[in-house]
Amino acid sequence: MSTVSTSFGDAAIMLRRNFKHTVRNPVTVFQAVLFPVVMMLMFVYVFGGAFKVTGEYIDYAVPGLTVMAITYGLGPTAAAVNGDMTKGINNRFKAMDVSHGAVLAGYVVSTTVRSLIADAVIIGVGFAMGFRPHASLLQWLAVIGLMLLLAFATSWLTVAMGLAAKTVESAGMATVPLIMLPFLSSAFVPADTMGTGVRQFAEYQPFTPIIETLRGLLSGGHPSTGDAIAAVAWSVGFTLVGYVWAIATFRKRA
């Protein structure tokens, strides 16, 4: 059997293992899938009337909520990665000659799939609440591609954080900045309505161009070229940093 086929087989086993752990952990399912829906209901029905946006608030909020759904599922991944490391499980995989790449790919792919499921739930609930996008087929494909790229990027970054943390608790806390950033972006209110200082931070942080690109695509319009380039650049940058960091840390600690 070739090395490539063996690596793919190992990765499939790791992926199946991580999916089983997710299904058996209701806290992970709630935090990754259900909690973003709770936040959606709260922002649209409780706070939505207080925000001044163009058009219906549900149409404005859904793009930001899809990004938030991705980030909310990252904490359990970081904790699981660190738990496997500190408990010596990854050393057992190493003794079984399971490739480093397969172990890491299992974490990344399972987190990415879980994030996309959360996004699908957000969009589905959004339709039930009155969300009416005007995107064409090509624009929907671009939306899916950008969400996939962001989920993949943040998954690598989260795995790296989990590997670098000293304890399971600190691994979970390491993802808090990623969870909080959407709240300090244009996800729920336009950045130009914010106060001085906060507005500049919101305009230049990573998630705002991603959200604005998704919003432009879902509205059926043409997102800003600058936002689209920044969205892809941030996502690719997250991926590269997370990948290099994760590989280096795994080789050092495993």
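At what angle do helix 7 and helix 11 pack, and how far apart are their axes? The legends below take up this pair and other close-ups of a predicted model.

**View 1. Helix 7 packs with helix 11.** The angle is about 160°, and the axes lie 9 Å apart. An angle over 145° counts as roughly antiparallel, so helix 7 and helix 11 are roughly antiparallel to each other. Their crossing is left-handed. Helix 7 brings Gln139, Trp140, Ala142, Val143, Leu146, Met147 and Leu150 to the contact. Helix 11 meets them with Phe207, Ile210, Thr213, Leu214, Leu217 and Leu218. By class, this contact has 11 nonpolar and 2 polar residues. It has no charged residues.

**View 2. A salt bridge links Arg215 and Glu212.** Both residues sit in helix 11 (residues 207-218). The closest N and O atoms are 2.7 Å apart. Arg215 and Glu212 are 3 residues apart in the helix, which means they are separated by about one helical turn. Side chains of opposite charge can pair when their charged atoms come close. The structure holds 1 salt bridge.

**View 3. Helix 4 packs with helix 7.** Here helix 4 (residues 74-86) and helix 7 (residues 137-164) meet at an angle of about 40°. Their axes are 8 Å apart. The two helices are therefore oblique to each other. Helix 4 and helix 7 make a right-handed crossing. On helix 4, the contact residues are Leu74, Thr77, Ala78, Val81, Asn82 and Met85. On helix 7, they are Thr154, Thr158, Val159, Gly162 and Leu163. The contact of helix 4 with helix 7 comprises 6 nonpolar and 5 polar residues. Charged residues are absent from it.

**View 4. Two spans come from the UniProt record, residues 60-81 and residues 102-131.** The unreviewed entry lists both under "transmembrane region". In the model, residues 60-81 are 95% helix and 0% strand. The end C-alpha atoms of that span lie 35 Å apart. Residues 102-131 are 90% helix and 0% strand. For residues 102-131, the end C-alpha atoms are 39 Å apart.

Notes. Residues are numbered from 1 along each chain as its sequence is written. This is a predicted model: local features need pLDDT of at least 70, side-chain atom pairs count only at pLDDT 80 or more; totals for chains, interfaces and linings use all residues. Side-chain values use heavy atoms; hydrogens and water are left out. UniProt positions are given in the numbering used here, feature names are shortened, and annotations may be inferred rather than shown by experiment. Helices (H or I, at least four residues) and strands (E, at least two) are DSSP runs, numbered from the N terminus. Axes are lines fitted to C-alpha atoms, for helices over the stretch in contact, and angles run from 0 to 180 degrees between N-to-C directions. Angles under 35 degrees count as roughly parallel, over 145 as roughly antiparallel, 65 to 115 as roughly perpendicular and the rest as oblique. A crossing is left-handed if the near helix is turned anticlockwise from the far one by less than a right angle, and right-handed if clockwise. Contact means heavy atoms within 4.5 Å. Ala, Val, Leu, Ile, Met, Phe, Trp, Tyr, Cys and Pro count as nonpolar, Asp, Glu, Lys and Arg as charged, and the others, Gly among them, as polar. A salt bridge is a side-chain nitrogen of Lys or Arg within 4 Å of a carboxyl oxygen of Asp or Glu.
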